[in-house]
Amino acid sequence: MLEVRGVRKSFDGFVAVNDASVSVARGQIAAIIGPNGAGKTTLFNLITGHLRPEAGAVVLEGRDITGLPPHDVCRLGMGRSFQRTNIFPRLTVYQNVQAAFLSHRGRGLDLWSRVDELYRGETEALLASLGLRERAGEVSGFLSHGAQKQLELGIALASEPSLLLLDEPTAGMSVSETRETIRLVERIARERGLTLLFTEHDMEVVFSIAQKITVLHQGRVIAEGAPADVRADAEVRRVYLGERR
Amino acid sequence: MRAPWELALLAAALLVPALGSRFYTFLANDVLIWALFATSLNLLVGYTGLVSFGHAAYFGIGAYTTGLLMKKLSLPFLIAFPAAGVLAGGFALLFGFFCVRLTRIYFAMLTLAFAQIVWAICFKWNEVTGGEQGMPEIPYPSLDWMGRLPLVGGLRTSDHFYLVTVVLVALCLWVLRRVVGSPFGRMLTTIRENAERAEFIGVNVRRYELAAFVLAGAFAGLAGGLFGIFNRGVFPDFAYWTKSSEVLIMTLLGGMGTFYGPALGALALILLNQQIVSYTEYWPFVLGTILIVLLFVFPGGLAGAAGTALRWLRRPA
Amino acid sequence: MPDFSFIFAQSISGLTAAMFLFLIAAGLSLIFGVLRVLNFAHGTFYMLGAYAAFQFMQWLGPGRGRFWLAALGAAAAIALLGGLVERFLFRHLYGAEELYQLLFTYALVLVLGDAAKMLWGTQQKSVSAPPELGGKALSLFGATIPYYNLFIILLGPVIALGFWLTLQRTRAGRFIRAAALDRETLGALGVNVDALYTWVFVLASFLGGLGGALISPMRATTPGMDTEIIVEAFVVVVIGGLGSFWGTFFGALIYGQVLSFGILFFPRFSIFAVFALMAAVLILRPWGLLGRPLK
């Protein structure tokens, strides 16, 4: 599904991601973990086209997408949420999700239709599945942090991706919100047959749902494999798990 | 024009010449043209979140286009007017292609640079634009057919031109209203709200921004085309940077968040100007003071203040 | 082909214009560097500097050295005005959108420009050059350079160096440079950011006012000189790089030469050439020739 081959990116001489390779199989739930500053978000940005790698390649379903701009990457079936919540704050919840449908279905350059009723059915169904149906008319910037994160997931899903990248989907959430969100993500991934790649700081979450884990440390992949193998890996224990426990 | 109040307003505008005052018709004509100009700018500033400091360039290009075609080539208004929109839109495409590559202050500076280039050309190219002296005596369109109509037949030529302005501005506003209420308009607001996120729902941000820039430029050009005739002459200061800030002030004064806000701003500013200049020659002083008060007290503009007042009146007791 | 003395004379006149513009643009660039705002009112401060110099000359009456006193007094008065504007008005807009800040500075252009009209009328005002420099000229390579122009040409680099040393060697200068790079951490370092911003405004307005005072013997002071100069100053800071100190100096030099040689090659379109240069720089290198890209 997704093949990241030896990508590298540096900022002002600081190497943020160095020769990193990650692969995700169709239908898999995969996680990238690593201490703060390990290069997780940079790696995401390299995959989604927000940054251009200095070396290496990103291949999505056999197609080389290295260096494509984000809007093209999105159109090829990749959805994404951001670490810092990224919504359209002065639009309503409904409009947020509807906008993504409009863009994804290629209606964006339609200058004449009335926008309000377009894709109402799809938008409301998606909002319902996220538990946001009741709040469709609210201005999204006023929602709670947790609800905004869910909305962002909704925006990403409206692009009907086959691969979904979530950057810290539970960042800033309470324990119960975290649990709820993870259940939601898992359910939606199953229902829609999504392939999922996410980063997460909460190890409990990672080990409870990931089928495959990649560990990043100082920009390099130091381990990759099934959760049990990663947990047993000596180097991972030293640089990462040991640091936390 | 869906809502009846918009039709009522249109009807009222058409009745202004019936008041019989040359001055009222003149004022109303001025307001209408600036309302269109400010609304076109709002497509960029209010809807797309792009602050242009050079919108007067397209107004000026439109004014010179219509003026030159009608005065020097004696072409009919039916050709000269659309040509203003086409040419201004064409230049907006050329300039905008470079501008949308930049963000924020750099975008504003580049729009300003292009506008000053347009101004410098109008100011210096004596053979074509008349240079510093401008191009006086732009003819009115030939509206003899209106003289044969019932009701309006007996009106002055300037009244006839006013009626044409009402119809054309109403048409333009109707089109712009459809555009901002369309999926395209919604995409523009997503760019304003969060360009990074917009990119990742698949919006090609630069292309949409360019499209908005061209549309805004074209409608500013149409407003300019009308203004040259209304003003009975075209002058280089139409494209000078202070004109760009004037229209920006109207937009802000009326409120950028609403479709009719900028038109309201144009109305308020022009009427106020008329009142003030009969007392004092220091209109800029008054305007600057208003602007400062506005910035500190009502950042939402007139439309925003009216909205707040309405909500306050309708609040549950 | 024009002869050498002509080319030399042109380049000297370009250099004089450049040094004036540098005085004005340096303040504009300083405010942008620290506050990230383009201050439209900076051109108005320059115009007010010229009027204030005229006014001080009137008050001082005849006497030795009165031009210099008047010029310094004008610059100080404008510096005070700038500080007051920052302290009591502009400060409250730091949290607002960029557009509102820009419009505020434009509102100042309107208000202060008209205030100048009320105080001094629309008649041109002129100030005579100081007797030490006035009426005398140096002949060099067949070109005649008035002493006053020579003084300006020398003053530019002196101010630039003094300014640069202040930025490099003093505590306040270090804070200003730090603020230009990263505003957030500055407050965390225990710097009194509020006071710093006020001083930046004071210093920038001082330079603007000084520029206006010094130009008054060369060009008549009239309403409208504010909106004219501010666009020229924008061109200079954009070419050199918004917020870059030596960039501004360099930008002013280029502007002066383009303007005075543009007149030779396309007599009517030299002003066009200047704006075209500005557009070209923004397209190819938006952060300017010597600037650094903003984060």
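Let's start with B:R232, which sits in the loop between α11 (205-230) and β2 (233-234) of chain B. Keep in mind that we are looking at a predicted model. Is B:R232 buried or exposed? B:R232 has 12 C-beta neighbours inside 10 Å, so it counts as exposed. Its backbone has a feature to look for as well: phi of B:R232 is near 60 degrees, a positive value in a residue other than glycine.

Now hop over to chain C, where C:R36 lies in the loop between α1 and α2 (42-60). Here too phi is near 60 degrees, and C:R36 is not a glycine either.

Which residues of α5(C) are buried? They are C:Y148, C:N149, C:I152, C:G156 and C:F163. The cover over these buried residues includes α1 (4-35), β2 (143-146) and α8 (193-215) of chain C. As you look at that helix, remember a handy rule: an α-helix has 3.6 residues a turn, so residues three or four places apart point the same way.

How confident is the predictor about this chain? For chain C the mean pLDDT is 84, and 96% of its residues reach 70 or more. Within chain C, confidence is highest in helix α3 (residues 66-88), at 91, and lowest in helix α7 (residues 183-188), at a mean of 68. For the complex, the predictor gives an ipTM of 0.87 and a pTM of 0.89.

Next, please turn to chain A. Four strands of chain A form an open sheet in the order β2-β1-β4-β5, with antiparallel pairing. Which strands sit at the edges? Those are β2 (14-24) and β5 (63-64) of chain A, each of which pairs on one side only. Strand β4 (residues 55-60) of chain A is joined to β5(A) by two bridges, and A:V59 stands opposite A:D64 in β5(A). Across β1 (2-11), β2 and β4 of chain A lies helix α1 (residues 40-48) of chain A, running at about 65 degrees to β2(A).

Finally, let's see how the chains meet. Between chains A and B, the contact takes 30 residues from chain A and 21 residues from chain B. On the chain A side, α2 (70-75) and α3 (93-104) each supply at least two residues, and α3(A) has the largest share, six residues. That side of chain A divides into 15 nonpolar, nine polar and six charged residues.

Chains B and C meet too, with 33 residues of chain B in contact with 33 residues of chain C. On the chain B side, α5 (104-124), α12 (241-254) and α14 (283-297) each supply at least two residues. Which element gives the most? It is α5(B), with 13 residues. The chain B side here divides into 26 nonpolar, five polar and two charged residues.

Conventions. Residues are numbered from 1 along each chain as its sequence is written. Chains are lettered from A and ligands numbered from 1 in the order in which they are written. This is a predicted model: local features need pLDDT of at least 70, side-chain atom pairs count only at pLDDT 80 or more; totals for chains, interfaces and linings use all residues. Two residues are in contact if their C-beta atoms, placed from the backbone, lie within 7 Å. Ala, Val, Leu, Ile, Met, Phe, Trp, Tyr, Cys and Pro count as nonpolar, Asp, Glu, Lys and Arg as charged, and the others, Gly among them, as polar. pLDDT is the predictor's confidence in each residue, from 0 to 100. A residue is buried if 20 or more other C-beta atoms lie within 10 Å of its own, exposed if 12 or fewer, and partly exposed in between; C-beta atoms are placed from the backbone. Two strands pair if DSSP finds at least two bridges between them. Axes are lines fitted to C-alpha atoms, for helices over the stretch in contact, and angles run from 0 to 180 degrees between N-to-C directions.
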